[in-house]
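Have the sequence and the 3D view open as you read.

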Amino acid sequence: MSARPDLSRSQPPLLYAPYRATTRRAPTRPLLRLPPALSDLEAPVYGSWPIGETDNDLSRQHPDEPHGQRIVVAGRVVDETGRPVSGALIEIWQANAAGRYHHVKDDHPAPLDANFTGAGRTVTDADGCYRFTTIKPGAYPWRNHDNAWRPAHIHFSLFGSTFRTRLVTQMYFSEDPLLAYDPMFQSIGDERARQRLISRFDLALTRPDWALGFAFDIVVRGPDSTPFEERV
């Protein structure tokens with residue numbers, strides 16, 4: 001019987017000193033087990049609003065066009081054997097082209113875009129495929145250390161059959177010089193695992209005269225799993 005692969009360096013740790021916020025988030029005492037509750041629902045909960053026509057197109061959610069480079073982000077969600085994960089709810093959120101979030105707590109002195117909220121959602125099809133149209137996000141300062149800037153990135157949240165199966169990750173862009181200085185990205189010790197967070201330019205996804213295409217596949221478990229944020 002072959003030895004099980006060591007996956008400890010392929011996922012970000014709860015505590016990583018260069019990422020200063022983890023010192024406040026990492027538990028210092030044993031975890032308390034909570035009784036079953038809302039988290040055990042058997043299906044994703046969309047609230048009162050079903051997924052709408054523009055939920056996966058962040059460039060058409062407001063009366064006018066948002067500023068910035070349009071991009072198409074698409075890929076497949078699969079398990080460790082390559083089988084598609086269908087019916088998974090995917091939510092994304094991101095900064096605008098100037099590197100500012102549409103959020104009251106973001107006080108970065110960059111312009112807001114009245115036509116870009118920076119949030120979208122969709123459900124994977126029978127082949128595990130998803131697709132978003134959005135704006136390429138800008139980098140922004142985040143005060144983790146002196147002159148700290150976050151690389152351009154898009155947050156992904158995946159819901160399976162229950163809330164407890166929620167997985168959260170981030171998608172980056174290739175050849176971004178800030179990746180070498182980003183503690184979140186660098187907290188993943190395995191270089192091959194880090195590369196699984198980087199999207200690849202895809203001419204087949206690119207829409208002529210409209211938007212550049214980037215492919216980003218997500219593997220939910222196994223030795224080739226996409227790195228996900230550690231759950232406490």
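For sorting lining residues, Ala, Val, Leu, Ile, Met, Phe, Trp, Tyr, Cys and Pro count as nonpolar, Asp, Glu, Lys and Arg as charged, and the others, Gly among them, as polar. By that scheme, the lining of the largest cavity holds three nonpolar, five polar and two charged residues. Those residues are Q94, N96, R100, Y101, H102, L112, D113, F116, T117 and G118. The space they line comes to about 30 Å³, and a search of the whole structure turns up one cavity of 30 Å³ or more.

Please keep in mind that this is a predicted model. How confident is the predictor? The mean pLDDT of the chain is 89, with 87% of residues at 70 or more. A stretch to treat separately is residues 42-48, where pLDDT stays under 50 and the model has eleven contacts beyond four places in sequence.

Now to the largest pocket, whose volume is about 1,400 Å³. It is lined by 48 residues, and Y19, R25, Y140, H155 and M184 lie nearest its centre. Which elements give two or more residues to this lining? They are α1 (22-25), β5 (140-141), β7, β8 and α2 (183-186). Of these, β8 gives the most, with five residues.

Here are the two linings side by side:

As a reminder, strands of a sheet pair through backbone hydrogen bonds, either parallel or antiparallel.

Inside the sheet, β2 (residues 89-93) and β7 (residues 153-159) run antiparallel and are joined by five bridges. Which residue of β7 is the bridge partner of W93? That partner is H155, which is also among the residues nearest the centre of the largest pocket.

Definitions and conventions:
Residues are numbered from 1 along each chain as its sequence is written. This is a predicted model: local features need pLDDT of at least 70, side-chain atom pairs count only at pLDDT 80 or more; totals for chains, interfaces and linings use all residues. Side-chain values use heavy atoms; hydrogens and water are left out. On a 1 Å grid over the protein atoms alone, a cavity is a set of points where a 1.4 Å probe fits but cannot get out, and a pocket is an open set with protein on both sides within 12 Å along at least five of seven lines; lining residues have an atom within 4 Å of a point. Grid points are joined across faces, edges and corners, and a volume is the space filled by probe spheres set on the points. pLDDT is the predictor's confidence in each residue, from 0 to 100. Contact means heavy atoms within 4.5 Å. Two strands pair if DSSP finds at least two bridges between them. Helices (H or I, at least four residues) and strands (E, at least two) are DSSP runs, numbered from the N terminus.
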